[in-house]
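The sequence and structure come first, and the points follow by topic.

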Amino acid sequence: MTEIISAPTGLAVATPEQRELPAWRLLLRRPTFVGGVLILAFWVVCAIFGNAIAPHDPLAQQLLLNNKAPSSAHWFGTDQIGRDVLSRVIVGARTILIVAPLATILGTVLGTALGLALGYLGGLLDTLVGRVVEAVLALPAVIVIFLFIVALGSSAVTQILVIGFIFTPLIARTVRSAVQVESQLDYLSSARLLGDRAGRVMFVEILPNVLPTILVEFTVRLGYAIFTVATLAFLGFGVNASTPNWGSDINANYGVIGAGYWWATLFPALAIASLIIGINLVGDSIEQVLAG
Amino acid sequence: MVGYLLRRISLAIVTLWLLSLLVFFAGQVLPGDPGRAILGNLAAQRAVKTLDHQLGVDRPLLTQYWTWISGLLHGNMGVSYQYRSAVAPFLASALVNSAKLALLALIVIVPLGILGGVIAALQVGRPLDRIISLTGLSASTVPEFVSGIVVIVIFGVELKVLPVTASAGQGASFGTQLRYLILPVIPLIFVLFGYIARMARAGTIEALESDYARTATLKGLKRSVVVRRHVLRNSLLPTITVIATQTGYLIGGLVVVETLFNYPGIGRLIYNAAQSKDFPMLEAGVLTIGVVYMIATILADVLTITLNPRLRTGMIR
């Protein structure tokens, strides 16, 4: 993983000029990466400046103008109580873009620390924690998260904590195997011979070398965090009912699809899909560049 | 093999016991008491108290857990608060319905996912590989209700070729039932395609780069023969394992898909039970899913060992 420019094995032969380029320049040459970043940037701007960009007040109800099809006045139509769907889609980016990344960061930080300890220290701790992790992983994650949210209630903080904790063993497992590969290498034996403390070896020597793995894992998990947050909102466990939220809007409107009023459901759904595809494009490009 | 199986089964039982604890105590911290939930806000406090006493929910937690778990071990899954009758018949019919949906999804997706993965592997690094891999990754991370809504709007509302809800009604013919299941199955297929194709691709690439594949090529065998006889046999093993582990995701997906399409399966049963605080139903439903999941993973392990001679002999030793 550390060797970004590994010798090409007959496929996708790199020119000498390309090999000199740093990783971020290689990334910018990939249309999939640039496309993904543009999609993400669009939603981040919506999340931050949503209320200023939205053409209408996302909360204003016009009961006489309910369930109106997309038109020049309301590009995405209006929902069952006459709110502007386009404005709700724009402002709705905020909640999911706060909860999902924070949950992923929590899971990544905890998972990295745990994975470093398990992979480097090994021994009894590794065996014990490994058993617990296996037991947790044996349960379908969605069911476990669902149960916790049902039990603890569905505030933003609960969702961040529950998703973060469930992700921790998953990320730890990936980091652990990357650390075990590193542990075989010479630089670590020399660090150990020099008498470095375990903490220093783990965080100063190993961590920088497994960072690419962690970065890729982070983008993959971020996609799943968005999946989970959106799904919980769709199932009626949305965060803060007073602000627009894609999953909750779908939950409120999918019942009238059969009657032909599809726009209040379809557009938030497409927003979720585009956000996840954007993250995948970015994550996949990073993985490709790091793999050489 | 027998020793290994026993170890796996005992581990599964421990996991199920952990799940039972989790489910039970998660149910207990749910806000609101069951008597109130059943009788509604207007009922007198005395009536609520009496009902709570009849249901046994006013006893200490450990006593309740013990009554519940020993009942389960005797085949008694409890009585639903919501319907005031035994949980088991509801669960059984929901399980059959979900099995139909899941089976149809697997029948379509397993060949399709493997085909996609093998094609991507044979074209590794070329545009077709990138397209298959990226589509698979995106399809598997887009929530089921999102792809579900897209297909409902296209095929159910605009083209009007397929029914929007999933229940064909009592006694419908096989063909009609199948027609009603097409739309709900699509989101499940989307999610599973990515996982299965990715595993099949990785396995095939590994097998293609192996010594035995090179030997076969150097022997002068045609590429198609090398792929069919030497590569595929080895590359599809890990795929079998991943298909079994995906039953977990499949079950999670069922909760969402069955809610969206109003399909009377186990996912919707759990969802409804959670919403109406019907603990016995919720607990029995989640545990049933746990059991199904454990059986699927153990079966997959056994299948993998049986198909892989190296593991098989390793076990005997």
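H11(B) is mostly covered, with eight of its 10 residues buried; a residue counts as buried if 20 or more other C-beta atoms lie within 10 Å of its own, exposed if 12 or fewer, and partly exposed in between, with C-beta atoms placed from the backbone. Helices (H or I, at least four residues) and strands (E, at least two) are DSSP runs, numbered from the N terminus. This is a predicted model, in which local features need pLDDT of at least 70 and side-chain atom pairs count only at pLDDT 80 or more, while totals for chains, interfaces and linings use all residues. Residues are numbered from 1 along each chain as its sequence is written, and chains are lettered from A and ligands numbered from 1 in the order in which they are written.

**Chain B overall**

- Chain B has 13 helices and zero strands.
- Of its 317 residues, 39% count as buried.
- Among the contacts in chain B with a separation of 6 or more, 70% come from residues 24 or more positions apart; two residues are in contact if their C-beta atoms, placed from the backbone, lie within 7 Å.

- The buried residues in H11(B) are B:Ile266, B:Gly267, B:Arg268, B:Leu269, B:Ile270, B:Tyr271, B:Ala273 and B:Ala274.
- B:Asn262 sits in the loop between helix H10 (223-261) and helix H11 (266-275) of chain B.
- B:Asn262 has a positive phi of about 55 degrees, although it is not a glycine.
- With 14 other C-beta atoms within 10 Å, B:Asn262 is partly exposed.

**Packing of H6(B)**

- Helix H6 (residues 127-141) and helix H8 (residues 174-208) of chain B pack at an angle of about 140 degrees, with their axes 6 Å apart; axes are lines fitted to C-alpha atoms, for helices over the stretch in contact, and angles run from 0 to 180 degrees between N-to-C directions.
- That angle makes H6(B) oblique to H8(B); angles under 35 degrees count as roughly parallel, over 145 as roughly antiparallel, 65 to 115 as roughly perpendicular and the rest as oblique.
- The crossing of H6(B) past H8(B) is left-handed, meaning that the near helix is turned anticlockwise from the far one by less than a right angle, whereas clockwise is right-handed.
- On the H6(B) side the contact uses B:Ile132, B:Ser133, B:Gly136, B:Leu137, B:Ala139 and B:Ser140; the H8(B) residues they meet include B:Phe190, B:Phe193, B:Tyr195 and B:Arg198.
- The residues of this contact divide into eight nonpolar, four polar and two charged; Ala, Val, Leu, Ile, Met, Phe, Trp, Tyr, Cys and Pro count as nonpolar, Asp, Glu, Lys and Arg as charged, and the others, Gly among them, as polar.
- The axes of helix H5 (residues 87-122) of chain B and H6(B) come within 8 Å and cross at roughly 140 degrees.
- H5(B) also passes H6(B) in a left-handed crossing.
- B:Gly116, B:Ile119 and B:Ala120 in H5(B) meet B:Leu128, B:Asp129, B:Ile132, B:Ser133 and B:Gly136 in H6(B).
- By class, the contact of H5(B) with H6(B) has four nonpolar, three polar and one charged residues.

**Domains of chain A**

- The domain assignment of chain A gives domain 1 (23-47 + 74-92 + 244-292) and domain 2 (93-241); such bounds come from an automatic or database domain assignment.
- Taken over C-alpha atoms, the centres of domain 1 and domain 2 of chain A are 25 Å apart.
- In chain A, 23 residues of domain 1 are in contact with 23 residues of domain 2.
- H12(A) supplies the largest share of the domain 1 side, 10 residues.
- That side of domain 1 divides into 15 nonpolar, seven polar and one charged residues.

**H10(A) against H12(A)**

- H10(A) and H12(A) pack at an angle of about 170 degrees, with their axes 9 Å apart.
- That makes H10(A) roughly antiparallel to H12(A).
- H10(A) passes H12(A) in a left-handed crossing.
- By class, their contact has 15 nonpolar, four polar and one charged residues.

**Interface of chains A and B**

- 35 residues of chain A are in contact with 38 residues of chain B.
- Helix H7 (141-152), helix H10 (198-234) and H12 of chain A are the elements that give two or more residues to the chain A side.
- The largest share of that side, nine residues, comes from H12(A).
- The chain A side has 28 nonpolar, six polar and one charged residues.
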